[in-house]
Amino acid sequence: MKANLNQLSRAIDSVSGDIRLYLLHGPDEAGAREMATRLARAMGPDAERVDLEPALLKSSPGRLADEAASLSLFGTQRHIRVTGAGEESVEACTMLLAAPRAGNPVVMIAPTVKGTSALVKLATAHPNALACVFYVPDAGEADKIATSVAREFGLRTTGATAARIAAAAAGDRAVMTREIEKIALFLDAAPERPRELDDVALDAIGADLGDAEMSRAIDAAIDGGPDRLGEELAKLGVAGVSHIPLLRQLVRRLMALAELRGEIDAGANANALLERVFFRERAVTARALRIWSAPRLNDAIDRVRRAERATMAPNNAGGVLADAAMLGVARMAARQRE
């Protein structure tokens, strides 16, 4: 079945036994991951999580249905998560939905899968599956998400507090949720104990992810300055800035560059296009357009997205992976300048 975000949230919170497969697809992988985390919370702190790789499902498609029907070794609830799925998982999902029983829900995160794919069509057509598309929110949508998440934690946003949280988190639902959870603890807020979130409280707890510092690091990466980037990453590390919004902002800048690069390659005037760029980013954007080719931009975007997925995976090297990806982008730019 096809579901919107509200329908998906209700189904996840109720942990409906009728739903075997939650297919979360579309470019906003962070939003999809947050919903997968929401299912884990709904299952309870003792629930067992089983992570399966898409490559495994391709070679052993029956494994997904087997895991969904298996009992936990510890007698607790369990759920299965598949990250980075694509069309290779169609057979596995078909077997899961056709199995005589499947007591453990499966969350499949498929950021590159389009609505016309066989995987989405399978989930949309089946009554025991929910398919929901996730798009990267624009500024207005991110504000609404922040307001909605705050409400779940018993917070009433006032003034521009929702916009400030959304901007600080670069529109990342997962980062917004963590920041709002921190604020709710600070204010002793809960659904049964609602509190007002104003600018004073926000300043006190600090929903500041170092926007200026992140911008300098991103400029250094795009500009081909690995030494300068290393210094900026060290500063961000000392400040305790999260790597996820940093990677997401870098991806957005690279995607904006790719769009401009495509228009220039099609014959558009570069100077005219630069008028659309935020004035503080025009100089570095102009230099980047002279450095970066379309294929290299696509490679860089893929590199950073893979780093984001790896950074958010369990038992990972954390910030080391993010720093390595950003330095890799800076070195790509430096090589193109030579």
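**Helix α16 in the predicted model.** In this predicted model, helix α16 spans residues 294–312 and comprises 19 residues. From its first C-alpha to its last, α16 reaches 27 Å, close to the 27 Å expected at 1.5 Å a residue.

**The buried face of α16.** L297, A300, I301, V304, A307, E308 and T311 are the residues of α16 shown here as buried. Viewed down the axis of α16, these buried residues fall within an arc of 125°, so they line one face of the helix. Their cover includes α2 (29–43), α13 (243–265) and α17 (319–337).

**Packing of α16 against α17.** The axes of α16 and α17 lie 8 Å apart, and the two helices pack at an angle of about 170°. Because of this angle, α16 is roughly antiparallel to α17. On the α16 side, R296, D299, A300, R303, V304, A307, A310 and T311 take part in the contact; they meet L321, A322, A325, G328, V329, M332 and Q336 of α17.

**The largest nonpolar core.** This core contains 39 residues, of which I222, L229, L246, L250, L254, W292 and M326 touch the most other members. Two or more residues each come from α11 (211–223), α12 (226–239), α13, α14 (270–274), α15 (282–291), α16 and α17.

**Surroundings of L229.** Apart from its neighbours within four places in sequence, L229 is in contact with A217, A220 and A221, and likewise with M326, L327 and A330.

Key. Residues numbered from 1 in each chain as written. Predicted model: local features only at pLDDT ≥ 70, side-chain atom pairs only at ≥ 80, totals over all residues. Heavy atoms only, no water. Helix = DSSP H or I, 4+ residues; strand = E, 2+ residues; numbered from the N terminus. Expected span 1.5 Å × (residues − 1). Buried < 20%, exposed > 50% of the residue type's maximum accessible area, 1.4 Å probe, protein only. Arc of directions from axis to C-beta. Contact = heavy atoms within 4.5 Å. Core = buried A, V, L, I, M, F, W, Y, C linked by side-chain atoms within 4.5 Å. Axes fitted to C-alpha atoms, helices over the stretch in contact; angles between N-to-C directions. Parallel < 35°, antiparallel > 145°, perpendicular 65-115°, else oblique.
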